[in-house]
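Subject: Structure handover

Hello,

Please find the structure below, followed by notes on what was found in it.

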Amino acid sequence: MLANIFERKGDQKNFWAELFAAKQNNMAIQANVVGLETHKLNGESVRCWVLEVEPTGTVKGIVPRMETGVEKSSEMNEFLGQTIPVMILHIDQDAAQVLCSRIRAIELMQEIALRRVKVGDQYTATVTKVSQNRIVAETSGFSFTFTNSDLKLPFKDLRDVYQVGHTITVEVKEIVRDGQAVQQSEAAAGEDQGEKVPASSIRLVVVPVLQDKWDLIGTKFNLRGVYKGVIKRQFDAGYWVELVPGLDVYCLHPKRSLHKGLLKEGQVVFIQLQRINNKERRLSGEITRVIG
C-alpha cells in the first residue's frame, strides 16, 4: 500500500500522525528527494538522501546510502528532484527527522504487484534514467533497462527522445522464479492456496510496447494543424519542439511579437505544422504561441 501524504491537508500534528500511522501499518509513502547530506551512522560517515516527507517541509527524511537501492554512490545525484517511495524505519519527533528506506518500499510494492501480475499484462513504466544508449524505467517497484536496439527508434541518442518522467508501456513476457519461468497455472494455484513467494526471488521479463510515432502523422497530427509542444532543444537557428516522445518538429525562432529573447528547454509552446517530409521523416513548423 502506498500513501501520499502530500495530497492531504491539515496542521503539523496531523502530518506526524500520518507518519506514525504509515510506520505502524508498514505502508510506503511518497517523498521528494530535495538534497544530499553526510550523516554519522554507527560511527561511520554515510552519504544520505534528504527527503521532503510532508507539505510544510519542516520534517526531514533521511535515506542512508545502503537503503537507497542504487548501485553506486554517484548515482544518488540522479534522483535529486524526483519523487520516490519509501518506508519509515524510525521517527525522531524531537529532531523533526524520520529515517527511511527506499529498498523496503520497493520490496513491498513488488510483493503487492506479484499477487496479480500475469504474462501478457501491460503496465505504464516511468523513465527514471536516460543516457545516450539506454533508459531505465520503473513500475510497481520493478526496474527495467532498455537499449537503442530494444526501442527500435531512428535516433542515435536516446536523450533526443526521452527525459526523466516520460512514460513507456511494457508487456510482461515471463515471470521468472529462482531462474525458472513460472507457469500461469502454478502462479494461480499459489495464489489460491495463499502461498507467499518472496519478491526478491522473482524477476519479471518485459518488452517495450513500441509504436512508430510517425504513424501519428496524418491521424493525430496533420499538415497546417496547430498543436501544443515542449521545447526540447535550442539551436542557433531555432528549436526542436517535442509533440510526443519520439516525434519532434523543427521550428525557427518565433516572431518578436510572441516572445522577446530565447526560449528555454521545457517551455510550452503552440506550433503550426507546416511541412512533412515522409522520406526523411522530418517535420517543420512555426511557433505561433508561447506559454509563459
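A salt bridge here is a side-chain nitrogen of Lys or Arg within 4 Å of a carboxyl oxygen of Asp or Glu. Please keep in mind that this is a predicted model.

Salt bridges

By that rule there are ten salt bridges. In one of them, E111 pairs with R115, and the closest N and O atoms lie 3.2 Å apart. K173 forms a salt bridge with E171, with 3.3 Å between the closest N and O atoms. K173 is also in the partly exposed class because its relative accessibility is 41%.

E242 and K232 meet through their side chains in a salt bridge of 3.3 Å, N to O. This pair links distant parts of the chain, with E242 in strand β14 (residues 238-244) and K232 in strand β13 (residues 226-235), ten residues apart. E242 and K232 are both buried.

Strands

Strands of a sheet pair through backbone hydrogen bonds, in either the parallel or the antiparallel sense. Strand β4 (residues 60-64) has four of its five residues buried, and is thus mostly covered. With strand β3 (residues 44-52), β4 pairs in the antiparallel sense over five bridges; G61 in β4 stands opposite L51. With strand β6 (residues 97-101), β4 pairs in the parallel sense over three bridges. There, L99 in β6 is the bridge partner of I62.

Five strands form a closed barrel in the order β13-β14-β15-β17-β16, and the pairing is mixed. From one strand to the next, the twist averages 50°. Within this barrel, strand β15 (residues 247-252) and strand β17 (residues 282-290) pair in the parallel sense over two bridges. Y250 stands opposite S284 in β17.

Helix α2

Helix α2 (residues 102-114) has 13 residues, so at 1.5 Å a residue it should span 18 Å; its end C-alpha atoms are 18 Å apart, which agrees. The buried residues of α2 include R102, A105, I106, L108, Q110, A113 and L114. At the start of α2, the backbone nitrogen of I103 has a side-chain oxygen of S101 within 3.4 Å.

Regards

Key
Residues are numbered from 1 along each chain as its sequence is written. This is a predicted model: local features need pLDDT of at least 70, side-chain atom pairs count only at pLDDT 80 or more; totals for chains, interfaces and linings use all residues. Side-chain values use heavy atoms; hydrogens and water are left out. Buried means under 20% relative accessible area, exposed over 50%, partly exposed in between (1.4 Å probe, protein chains only). Two strands pair if DSSP finds at least two bridges between them. Axes are lines fitted to C-alpha atoms, for helices over the stretch in contact, and angles run from 0 to 180 degrees between N-to-C directions. The expected span of a helix is 1.5 Å times one less than its number of residues. A polar contact is a pair of N or O atoms within 3.5 Å; within protein, one must be able to donate a hydrogen and the other to accept it, and residues adjacent in sequence count only if both atoms are side-chain atoms.
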